Amino acid sequence: MTAEARPDSLARAARPNDENPPAAVKPAGRGEGAAFSPLYRQIKSLLVQSLERGEWKPGELIPSEIDLAARFQVSQGTVRKAIDELAAEHMLLRRQGKGTFVATHHEARVRYRFLRLAPDEEGENVRTESRILECRRARPSAEIARILELRAGETAVTIRRVLSFDGVATVVDDIWLPGSVFRGLTLDVLAANRGPLYGLFETQFGVSMVHADEKLRAVPASGEIADLLGIDAGAPLLQVDRVSYTYGGRPMEVRRGTYLTNHFHYRNSLN
């Protein structure tokens, strides 16, 4: 068996000097098709584990493909394929001539990738402004606690904000975060933040949002939401319910966005 096919060497290389490194997925033998995991997927999993541990921070350069190939004792092509998938999933960013970096929500290409609202006039530059209305700690509903995997009695940080585009209130966001993770997140901290919200989560709380699931439905504007958006109660709105996850599939945010789509549309690319 070649070095590239040995999962035990992958496990040892995953975290040097660690007495209990994570076990790599063993390639299945004949007749074990359902359990088979391609080698590049094993390398991808080990890279994600390194990101989760904080070995490379958001915005930092990761080792070269050659160095990673030596570390994991696999071919450079195998490492490249793993990195290609992570780049396609926006966990890593390739920069021509500079290397591969850990994605950060401070990066322009990543900053708004979870915000799919686009102006009807394609190519139009829109000025975005965020206004925080509320930030408090409270006992979440049973449904929010279940989604965030909170234990009994744990609190959540709840945030309400309004996003305006070119000075027009367009989105009302209601956000819930695990209170134990976001200790110290206050209205003052949010008000002082001048960057993207997810960038603040990375910098001050060590939480990177790397994946999200959304559900969309059309709803009439409630009186409260109508007042915030400056529209009539009952006007049609788009409601987007999102659950955002950090590395390892851990849920870190529940968000309900209510969108005014008079001059905007929800855009997504399907592959």
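The structure holds 18 salt bridges, a salt bridge being a side-chain nitrogen of Lys or Arg within 4 Å of a carboxyl oxygen of Asp or Glu. Side chains of opposite charge can pair when their charged atoms come close. This is a predicted model, in which local features need pLDDT of at least 70 and side-chain atom pairs count only at pLDDT 80 or more, while totals for chains, interfaces and linings use all residues. Residues are numbered from 1 along each chain as its sequence is written, and side-chain values use heavy atoms, with hydrogens and water left out.

**The whole chain**

Helices (H or I, at least four residues) and strands (E, at least two) are DSSP runs, numbered from the N terminus. Next, show the surface: the protein chain exposes about 14800 Å², of which carbon and sulfur atoms supply 48%. Such areas come from the Shrake-Rupley method with a 1.4 Å probe, and for residues only the protein chains shown count as cover. Among the 271 residues of the protein chain, 46% count as buried. Here buried means under 20% relative accessible area, exposed over 50%, and partly exposed in between (1.4 Å probe, protein chains only). Of the contacts (heavy atoms within 4.5 Å) with a separation of 6 or more, 60% are between residues 24 or more positions apart.

**First stop: Glu85 and Arg41**

Select Glu85 and Arg41, which form a salt bridge whose closest N and O atoms are 3.2 Å apart. The pair links distant parts of the chain, since Glu85 belongs to helix α4 (residues 76-88) and Arg41 to helix α2 (residues 39-53), 44 residues apart. Arg41 is partly exposed, at 37% relative accessibility.

**Second stop: Asp241 and Arg217**

Select Asp241 together with Arg217; this salt bridge has its closest N and O atoms 3.6 Å apart. Asp241 is in strand β8 (residues 236-246) and Arg217 in strand β7 (residues 211-220), so the pair ties together parts that are 24 residues apart in sequence. Asp241 counts as buried at 17% relative accessibility, whereas Arg217 is partly exposed at 47%.

Select Glu154 and Arg151, whose side chains meet in a salt bridge (3.6 Å, N to O). Glu154 counts as buried, with a relative accessibility of 17%, while Arg151 is exposed at 62%.

**Last stop: a network**

Finally, select Glu65, Arg80, Asp84 and Arg94, which are linked in a network of salt bridges.
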